[in-house]
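Here is a short report on a protein model. Look over the sequence and the structure first, then read on.

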Number of protein chains: 2
Amino acid sequence: MNAEIIAIGSELLTPFRQDTNSLYLTEKLNQLGVEVIFKTIVGDNRQHLTAAARLAISRADIIIFMGGLGPTEDDLTREAVAEALELKLHRDPEIVRSLEQRFAARKMKMSANNLKQAEVIAGAIVLPNPNGTAPGQWLTGSSDGRQKIIVLLPGPPHELKALFEKQCMDLLRAKVPQQFIATRTLKIAMMAESQCDARIAPIYNRFVDVQTTVLAGAGEIQVHLKSRSHSLEAAQERVDQLVEKIEEELDDLVFSDNGDSLEQIVGYYLQMRNATLAVAESCTGGLLSERITSVSGSSRYFLGGAVVYSNKLKTKFAAVPPDLIKKYGAVSAEVVKAMAEGIRQRCGATFGVGITGVAGPTGGTPDKPVGLVFHALAGDRGTEVIERNFPGDRKRIRWFAAQQALDMIRRKVM
Amino acid sequence: MNAEIIAIGSELLTPFRQDTNSLYLTEKLNQLGVEVIFKTIVGDNRQHLTAAARLAISRADIIIFMGGLGPTEDDLTREAVAEALELKLHRDPEIVRSLEQRFAARKMKMSANNLKQAEVIAGAIVLPNPNGTAPGQWLTGSSDGRQKIIVLLPGPPHELKALFEKQCMDLLRAKVPQQFIATRTLKIAMMAESQCDARIAPIYNRFVDVQTTVLAGAGEIQVHLKSRSHSLEAAQERVDQLVEKIEEELDDLVFSDNGDSLEQIVGYYLQMRNATLAVAESCTGGLLSERITSVSGSSRYFLGGAVVYSNKLKTKFAAVPPDLIKKYGAVSAEVVKAMAEGIRQRCGATFGVGITGVAGPTGGTPDKPVGLVFHALAGDRGTEVIERNFPGDRKRIRWFAAQQALDMIRRKVM
């Protein structure tokens with residue numbers, strides 16, 4: 001079976017806001033073996049919405065509408081779907097009662113427009129919304145001899161997710177032919193996409209029964225694998241076989257095969273080794289610390305560090321000799337080494353990291369162009385320095401630099 | 001005139017990737033007075049794509065296709081659009097030559113599949129792509145007596161943007177009836193959306209000729225205003241009048257009326273006052289420093305700071321007396337005050353900022369629950385402390401905390 005997702009709301013047709021619910025719904029539908037074949041985004045316009053509903057019902061098996069279920073005049077999803085299906089709406093006394101209770105509990109008077117939310121399409125099952133006033137609706141029927149499932153969901157992500165997870169998944173599972181799908185994701189740091197694909201394409205192309213998607217971001221490649229079979233074990237086995245072959249080829253370039261982020265992996269290894277970390281950042285300005293501490297529990301291995309944006313602070317917090325900065329410049333292998341060693345010693349950490357570079361867009365010179373970054377990792381057996389020239393804008397260069405530093409730590413402690 | 005944007009690519013129907021080009025295109029189209037009425041996302045499937053093209057041509061004036069112009073079998077946009085329009089494709093010798101040159105310049109042999117990219121729909125203007133191999137195409141015609149504009153663009157954002165900016169904007173300007181549109185954006189920090197809307201809705205509702213969109217994120221509300229009139233001056237005047245009224249109402253809750261971010265505004269004021277800043281962060285783990293230094297040129301006012309995740313480092317880098325931590329706990333008004341004052345003094349900065357709190361999801365106690373954050377700002381006339389209880393997950397709590405600290409700095413230096 002396949003699905004179409006329709007996101008409703010004029011704000012989703014502005015430059016400022018984007019539907020993100022569909023990523024969550026796609027993941028859930030894929031778990032059931034349902035592919036999404038179309039996504040449509042339509043404004044709060046009855047005619048457009050009715051036309052989009054008619055079309056979707058004609059071309060997809062499962063049609064999910066998100067948004068437009070609120071109490072205002074702009075909320076037209078119920079009316080439009082009913083019109084497309086040539087069905088009537090009726091007011092559900094149960095919903096009216098629950099709306100009244102909700103308002104009474106908050107000692108608020110319910111305005112009349114809220115009753116709109118009690119309108120139900122004939123034959124629909126009401127899906128209670130624990131996190132909001134607008135309930136969802138579930139309808140099944142058939143068209144051209146094919147079974148159709150139509151779902152109306154509220155737009156706010158926390159309402160939609162809770163409702164879909166608790167109520168729709170079971171309803172869908174009962175309707176969708178049982179399928180056995182196994183997925184895995186490999187993550188690779190600091191490798192060019194073309195280089196990666198040249199090495200792994202000959203491998204995954206031999207696994208025609210495993211769907212492989214290679215996605216590249218800044219300093220990270222993700223390889224998503226998916227397989228279907230007559231049993232979950234058989235599907236899992238095929239995916240695992242391919243994972244094994246790719247890991248044989250790429251070896252330690254793969255940092256995760258279970259979805260973990262680079263920050264998490266670094267944390268696992270540091271904890272396993274009872275090691276601690278301190279960092280001194282210049283051009284990344286706190287991004288490396290921010291990423292490390294985005295992991296809950298990171299205080300077990302991350303002591304902290306210094307954002308040494310000025311030369312004075314490089315000396316004060318990371319014990320970099322002023323002469324060294326004068327002689328080699330703040331962006332140099334010598335200074336980054338001193339930063340890593342200095343912060344390690346000052347914080348009493350197992351490992352110290354230093355980053356200094358030119359994030360741009362200004363500040364570049366012929367000698368030290370925008371994108372030049374030095375990274376250092378100091379431990380008890382010496383200090384490693386890596387010099388890189390990263391492409392892109394300020395944001396991208398800073399991200400690359402933090403990614404490179406995390407990968408250095410990973411390789412040291414893995 | 002109105003537009004439909006069609007994003008093509010099976011990866012855009014996975015849980016892992018999302019079309020973002022359409023936000024850019026919507027902004028550009030809106031500048032010309034063109035509203036986007038539908039966005040459609042379709043996979044690399046000839047039948048689906050042809051159907052989507054036919055539908056879009058029937059319902060929109062301007063149809064923009066993005067993606068599916070590459071050299072592989074999956075790239076089907078040219079064929080599908082030609083089929084929908086019942087037009088033929090022909091091979092363009094000019095494009096063939098430029099492809100050959102491109103490959104020759106890189107000393108690479110051009111494989112035959114690249115010739116696909118030289119296929120042009122009959123009557124189309126070729127739009128050279130300076131950043132890639134696949135050129136765009138531009139077609140005009142009419143259907144049901146209405147003028148239609150059809151544009152094919154490459155999918156990679158840097159190719160699409162450069163091509164659209166340099167070539168499509170002028171072509172569109174010549175076709176679209178001239179309109180005069182003025183826009184402005186107000187940004188408001190640390191205010192609840194309902195509270196904000198209750199105060200400004202009575203104002204913007206009186207300006208029926210100005211389109212007002214209120215969008216709320218974590219700790220920031222954006223009010224987007226747009227007006228059309230017979231001249232740019234008249235449109236600008238109406239928007240400016242509304243801006244003035246809203247600013248009168250919200251006063252210094254508005255931190256920006258020209259699109260600048262809170263980080264930028266803080267930077268402007270600090271520079272204007274010749275003031276410098278140093279920060280000591282605990283629960284935000286570097287996020288505040290990262291946001292401040294995301295602004296190019298921030299080294300002029302940001303000295304740096306310390307990520308004092310451990311209690312020892314709170315003492316070492318921010319001079320917090322160990323007894324204070326023992327007596328009141330690391331998350332307390334007393335400790336945050338000492339952090340701000342300590343980092344200010346250690347760095348010799350005009351202002352010092354301290355943040356300490358419980359970002360969660362673990363580490364909360366009945367006394368000090370997840371979401372409790374203390375913020376301090378130290379200057380030469382004393383130290384201000386703000387205690388807040390933020391809702392949401394770790395990421396959201398950290399973002400709120402950094403936002404609160406930035407807003408404290410803004411209010412001090414504005």
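Start at Gly360(A), which sits in the loop between β15 (351–357) and β16 (372–379) of chain A. Helices and strands here are DSSP runs numbered from the N terminus: helices are H or I with at least four residues, strands are E with at least two. Gly360(A) counts as buried because it has 21 C-beta neighbours inside 10 Å. The cut-offs are these: a residue is buried if 20 or more other C-beta atoms lie within 10 Å of its own, exposed if 12 or fewer, and partly exposed in between, with C-beta atoms placed from the backbone. Not counting residues up to four places away in sequence, Gly360(A) touches Val370(A), Gly371(A), Arg394(A) and Ile397(A). Contact means C-beta atoms, placed from the backbone, within 7 Å.

This is a predicted model: local features need pLDDT of at least 70, side-chain atom pairs count only at pLDDT 80 or more, and totals for chains, interfaces and linings use all residues. Residues are numbered from 1 along each chain as its sequence is written, while chains are lettered from A and ligands numbered from 1 in the order in which they are written.

**Chain A overall**

Chain A has 13 helices and 17 strands. Its C-alpha atoms fill a box of roughly 80 × 55 × 40 Å along the principal axes. The radius of gyration of chain A is 27 Å, whereas a compact globule of 414 residues would have one near 22 Å. That radius is taken over C-alpha atoms, and the globule rule is 2.2 Å times the number of residues to the power 0.38. Of the 414 residues, 46% count as buried. Among contacts between residues at least 6 apart in sequence, 66% join residues at least 24 apart.

The domain assignment of chain A gives domain 1 (2–175), domain 2 (180–256) and domain 3 (262–413). Such bounds come from an automatic or database assignment. The C-alpha centres of domain 2 and domain 3 of chain A lie 31 Å apart. Their contact takes eight residues from domain 2 and 10 residues from domain 3.

**Two copies**

The same surface serves both: 100% of the contact residues of chain A recur in chain B.

**Helices and core**

In helix α10 (residues 311–318) of chain A, the buried residues are Leu313(A), Lys314(A), Lys316(A), Phe317(A) and Ala318(A). Just after α10(A), Ala319(A) takes a positive phi of about 55 degrees.

Arg346(B) lies in helix α12 (residues 333–347) of chain B. Arg346(B) counts as buried because it has 21 C-beta neighbours inside 10 Å. Leaving out residues up to four places away in sequence, Arg346(B) touches Lys316(A), Phe317(B), Ala318(B) and Ala319(B).

Two C-alpha to C-alpha separations follow.

| Pair | Apart in sequence | Apart in space |
|---|---|---|
| Gly360(A) and His48(A) | 312 residues | 46 Å |
| Arg346(B) and Leu225(B) | 121 residues | 45 Å |

The largest nonpolar core has 144 residues, of which Leu277(A), Met339(A), Val353(A), Leu277(B), Met339(B) and Val353(B) touch the most other members. A nonpolar core is a set of buried Ala, Val, Leu, Ile, Met, Phe, Trp, Tyr and Cys residues joined through C-beta atoms within 7 Å.

Technical notes: Contact = placed C-beta atoms within 7 Å.
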